[in-house]
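Subject: Structure handover

Hello,

Here is the structure for you to look at. Please open it first, then read my notes below.

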Amino acid sequence: MNKKLSPGRRAYTAGMKALMYASTAAIGALVLLLIGYVLYRGIPNITWKFLTMAPSILNDTIGIWPDILNSIYVVIATIIIVLPLGVCAAVYLSEYASNKRLVSIIEYAAETLSGIPSIIYGLVGMLFFCEFLKMQTTLMAGALTLVIMNLPTVMRTTQESLKTVPQSYREGAFGLGAGKWRVIRTVVLPGCVDGVITGCILSVGRILGESAALLFTAGIAHVVNGFFMGLKSSGATLTVALYIYAKERGEFGVAFAIAAILMLLTLIINLSAEAVARSFKNKRRI
Amino acid sequence: MEANEKSILSVKELCLWYGNHQALKNINIDIPKNSITALIGPSGCGKSTFLKTLDRMNDLIPDVKITGSVEYKGEDIFAPGVDVSELRRQIGMVFQKPNPFPMSIYDNIAYGPRTHGIRNRAKLDDIVEKSLRGAAIWDEVKDRLRKNALGLSGGQQQRLCIARALAVEPDVLLMDEPTSALDPISTSKIEELAMQLKEQYTIVIVTHNMQQAVRISDNTAFFLLGELVEYGKTEEMFSQPTDKRTEDYITGRFG
Ligand SMILES: Nc1ncnc2c1ncn2[C@@H]1O[C@H](COP(=O)(O)OP(=O)(O)O)[C@@H](O)[C@H]1O
Ligand SMILES: [Mg+2]
């Protein structure tokens with residue numbers, strides 16, 4: 001084969017190859033540089049006190065414990081609401097809805113929704129939840145805004161994985177006299193747990209990384225609260241805190257420390273998403 | 001063949017459309033109890049469609065229109081108020097490709113009984129053993145009932161699926177080319193099994209393999225392009241077909 005290539009052709013191939021190597025190397029270097037720089041600037045600022053204290057104006061110290069709690073609260077509240085909603089919507093659209101036109105319109109809308117910039121969700125969430133529903137600037141209003149933002153993701157990943165459940169399982173169950181709901185509960189849903197979990201983990205990542213939507217709806221307070229009290233109060237999540245410390249207080253050390261923490265969290269989340277997907281694939285093959 | 005009291009399924013003037021495409025044209029057939037009826041014919045002639053009509057599995061496909069009647073033990077299965085779940089319990093289905101659920105062997109067999117409300121552990125144990133014995137696979141799996149059924153070989157999986165169908169104590173077993181995905185040894189095991197099972201059950205089996213029809217069936221129905229061309233005793237049909245098209249098909253001139 002190779003012999004038949006003309007010299008010009010061979011030079012072209014070699015050139016393209018070199019170009020591809022170069023771009024790969026450039027991207028790799030860029031990523032490493034970015035991560036390295038953030039970790040280098042951030043990690044020295046991470047101390048036990050920094051992680052476990054609230055900021056104090058009197059002592060002039062900064063701690064991100066309330067922001068960590070707020071992040072956790074928002075993640076929990078959002079996931080608790082978005083998961084059942086998204087899974088139910090997916091099951092309804094894929095297994096029950098008979099109007100295929102309507103289904104494809106809804107799927108298209110969901111696809112579009114997931115492409116909208118988050119700041120727009122923030123604006124709408126502020127007007128709807130904070131003002132119209134009079135929830136004020138609270139973590140709960142933020143969580144509800146994030147529910148809307150993540151609903152398409154959870155729904156679509158669940159739908160995709162519903163499609164991977166073989167039709168023959170459904171036929172087998174129906175053939176034994178099982179009703180629709182029993183078929184879904186015992187054969188279809190267990191077959192798509194991996195998709196649900198993947199969607200869930202992806203959402204957690206997006207929630208942790210979200211700032212614009214939460215700036216509008218959840219506020220910027222750094223106060224330590226319990227879960228329910230927290231949801232009823234205004235509060236900054238880690239990402240929002242990063243913005244505030246960097247932009248409004250010029251505390252770049254703190255901002256980089258938070259950035260480093262967020263980056264490590266993202267890494268852990270992505271790895272666990274992969275691990276979940278892999279372990280389910282293995283389980284199914286047995 | 002004429003209708004007689006011994007027929008368990010009686011099909012009259014059955015037509016079926018998928019959208020605008022007519023897949024079954026005026027089918028009339030009576031299936032006698034405790035016998036094996038083979039459905040033969042070139043692929044696409046409507047054998048699977050016909051089989052699925054008998055336990056209303058076509059209900060799952062949108063845009064299907066059916067006219068005519070199918071009587072099971074004298075009652076129209078399409079009549080309003082028919083309990084489809086109960087109908088499918090009494091008329092079991094074994095599919096072309098073995099389709100065990102991705103759960104343990106035990107749970108596969110217990111799936112049907114549990115669906116119909118049996119929760120008692122001892123009773124389920126009993127049913128599982130009886131069904132697996134009935135499908136001649138008990139000895140091969142009795143030590144690994146808790147293992148995933150997908151770990152079995154193709155032939156074992158198909159016998160497991162037969163056992164799963166037997167577990168709800170059906171009267172009729174519909175089998176759609178149950179051996180087409182299997183090796184010769186597994187195939188002969190399933191054929192043997194089918195011949196044992198007809199003592200207790202009525203079997204309707206689709207096969208593309210005419211030797212198989214001759215080996216195991218009492219009656220044979222020949223389908224072509226959605227029509228039932230000929231139906232009769234298997235030996236008679238294969239020795240003296242009355243229709244030219246049947247003769248052409250069984251002598252291998254097309255198909
Ligand atoms: N779900 C379906 N939707 C539309 N047409 C179908 C469907 N299933 C089967 N058909 C059509 O009906 C005819 C009979 O198919 P089938 O019953 O599967 O034949 P066989 O089992 O004899 O090979 C074929 O022309 C096939 O294309
Ligand atoms: Mg077929």
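A:Phe128 is partly exposed, because its relative accessible area is 39% (buried means under 20%, exposed over 50%, partly exposed in between, with a 1.4 Å probe and protein chains only). This is a predicted model: local features need pLDDT of at least 70, side-chain atom pairs count only at pLDDT 80 or more, and totals for chains, interfaces and linings use all residues. Residues are numbered from 1 along each chain as its sequence is written, chains are lettered from A and ligands numbered from 1 in the order in which they are written, and side-chain values use heavy atoms, leaving out hydrogens and water.

A:Phe128 sits in helix α5 of chain A (helices are DSSP runs of H or I, at least four residues, numbered from the N terminus). Helix α5 spans residues 118-132 and gives the most to a nonpolar patch, with 7 residues. Patch members include A:Ile120, A:Leu127 and A:Phe128. Together the patch has about 880 Å² of accessible area (Shrake-Rupley method, 1.4 Å probe; for residues, only the protein chains shown count as cover). Patch residues have over 30% relative accessible area and no salt bridge, and nonpolar side chains are joined within 5 Å.

Now the two chains. The contact (heavy atoms within 4.5 Å) takes 16 residues from chain A and 24 from chain B. Between them are 0 salt bridges (a side-chain nitrogen of Lys or Arg within 4 Å of a carboxyl oxygen of Asp or Glu). On the side of chain A that touches chain B, α7 and α8 each supply at least two residues. There, α7(A) gives the most, with 7 residues.

Best wishes

Terms used
Patch = residues over 30% accessible without salt bridge, like charges linked within 9 Å, V, L, I, M, F, W, Y side chains within 5 Å.
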